[in-house]
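Here is a short briefing to read alongside the structure. Take it one topic at a time and find each residue as you go.

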Amino acid sequence: MNQAQHPAASDLSSVKLLVLVGPTAVGKTKLSLELAEMYDAEIISGDSMQVYRGMDIGTAKATPEERRRVPHHLIDIRQPDEPFSVSEFQLLARAAAKDIASRGRLPFLVGGTGLYVEAACYDFRFTEAGIDEAFRERWKEYARIHGADALRERLREVDPATADRLHPNDVRRIIRALEIYHLTGVPLSEHLKHQEKRPVFDLCMIGLTMDRTELYRRIEERVDRMLAEGLVEEVKALLAKGYARGMVSMQALGYKEIAAYLEGEIGLEEAVALLKQNTRRFAKRQLSWFRHMKDIQWVDVTEPEKFDRQISQIHDIIAGKFGMRGEYI
């Protein structure tokens with residue numbers, strides 16, 4: 001799809017977009033499939049790592065069977081060594097939503113990458129700070145000599161919020177954040193904070209939340225399940241294909257920890273403990289991000305035995321916004 005085919009924000013104001021967000025392991029996938037069938041929807045993945053082919057278990061992609069139940073978009077659209085940016089996601093997600101709506105179905109954005117979700121849903125404009133090639137080359141050389149961690153620490157000095165958000169080895173984006181500060185005198189995190197964030201769709205946003213103790217228990221279970229399903233073998237296969245650990249894709253949760261084990265840096269038990277710890281921290285950051293999104297209506301899903309009541313609450317939210325009530329089809 002070329003640039004001319006991407007819809008402008010002004011074309012989307014009448015398009016209904018259902019959105020489901022929440023931290024990892026909260027139960028978005030199961031619920032999204034139920035809701036998609038009830039509302040004749042197609043799912044747009046709002047996960048920054050599910051775009052990569054061959055990274056299935058660690059990113060908790062919908063299975064082939066689940067994708068046969070409900071069409072999914074923006075999954076498996078890049079190789080792990082191909083760059084992918086939030087601005088690309090914004091264009092592709094909006095185009096997918098418009099296409100789904102044009103066929104009489106409901107676009108349904110589901111995911112846990114807060115920046116991607118916001119970029120798709122709101123009049124989110126990316127900074128036009130310009131480019132300083134000489135500046136970029138100096139910091140590339142700095143990273144080559146001192147390492148990616150040292151580069152990120154330099155970013156932390158001027159923009160700690162962005163340094164915390166970016167993958168440690170995401171040299172390209174770290175240098176871009178440094179460049180934005182260099183050219184504008186304002187940290188990237190401040191540019192993002194002052195976005196006006198006007199919705200470009202007719203939005204209904206639902207957030208799933210859960211008691212923190214229960215969420216952490218589910219995270220532990222999820223990691224154990226991923227290992228049983230073959231996470232180690234998946235990471236081994238990616239490394240064997242030449243996908244280096246420094247790539248953005250290979251810095252995803254589950255991949256960086258298991259890669260460190262496979263290359264003999266740590267034992268498997270330590271890698272698993274580190275993965276569980278990092279996933280808990282990630283879930284905490286996700287919740288913090290989503291709590292600042294004003295349009296989200298929250299549903300507590302701590303008690304699975306109350307699923308019918310939770311579904312009813314979600315139906316009420318959707319009915320109040322879109323004037324429709326879902327049924328199994």
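Glu220 is partly exposed, with 30% relative accessible area, and it pairs with Arg280 in a salt bridge. Keep in mind that this is a predicted model. A search of the whole structure finds 29 salt bridges, and a few of them are described below.

**Salt bridges**
- In the pair of Arg280 and Glu220, the closest N and O atoms are 2.8 Å apart.
- Arg280 sits in helix 13 (residues 268-291) and Glu220 in helix 10 (residues 212-229), so this pair links distant parts of the chain, 60 residues apart.
- Arg280 is partly exposed, at 24% relative accessibility.
- Asp224 and Lys276 also form a salt bridge, at 3.0 Å from N to O.
- Because Asp224 lies in helix 10 and Lys276 in helix 13, their pair ties together parts that are 52 residues apart in sequence.
- Asp224 is partly exposed at 40% relative accessibility, while Lys276 is buried at 12%.
- Salt bridges that share partners join Asp40, Glu42, Asp99, Arg103 and Arg105 into one network.

**Cysteines**
- The count of disulfides is zero.
- The sulfur of Cys121 is 11 Å from the closest cysteine sulfur, in Cys204, so the two are too far apart for a bond.
- Cys121 is buried at 0% relative accessibility, and Cys204 is buried at 2%.

- The axes of helix 11 (residues 231-240) and helix 12 (residues 255-262) come within 9 Å and cross at roughly 75°, so the two helices are roughly perpendicular to each other.
- By class, their contact has 10 nonpolar, no polar and two charged residues.

Definitions and conventions: Residues numbered from 1 in each chain as written. Predicted model: local features only at pLDDT ≥ 70, side-chain atom pairs only at ≥ 80, totals over all residues. Heavy atoms only, no water. Axes fitted to C-alpha atoms, helices over the stretch in contact; angles between N-to-C directions. Helix = DSSP H or I, 4+ residues; strand = E, 2+ residues; numbered from the N terminus. Parallel < 35°, antiparallel > 145°, perpendicular 65-115°, else oblique. Nonpolar A, V, L, I, M, F, W, Y, C, P; charged D, E, K, R; others polar. Disulfide = S-S within 2.5 Å. Buried < 20%, exposed > 50% of the residue type's maximum accessible area, 1.4 Å probe, protein only. Salt bridge = Lys/Arg side-chain N within 4 Å of Asp/Glu carboxyl O.
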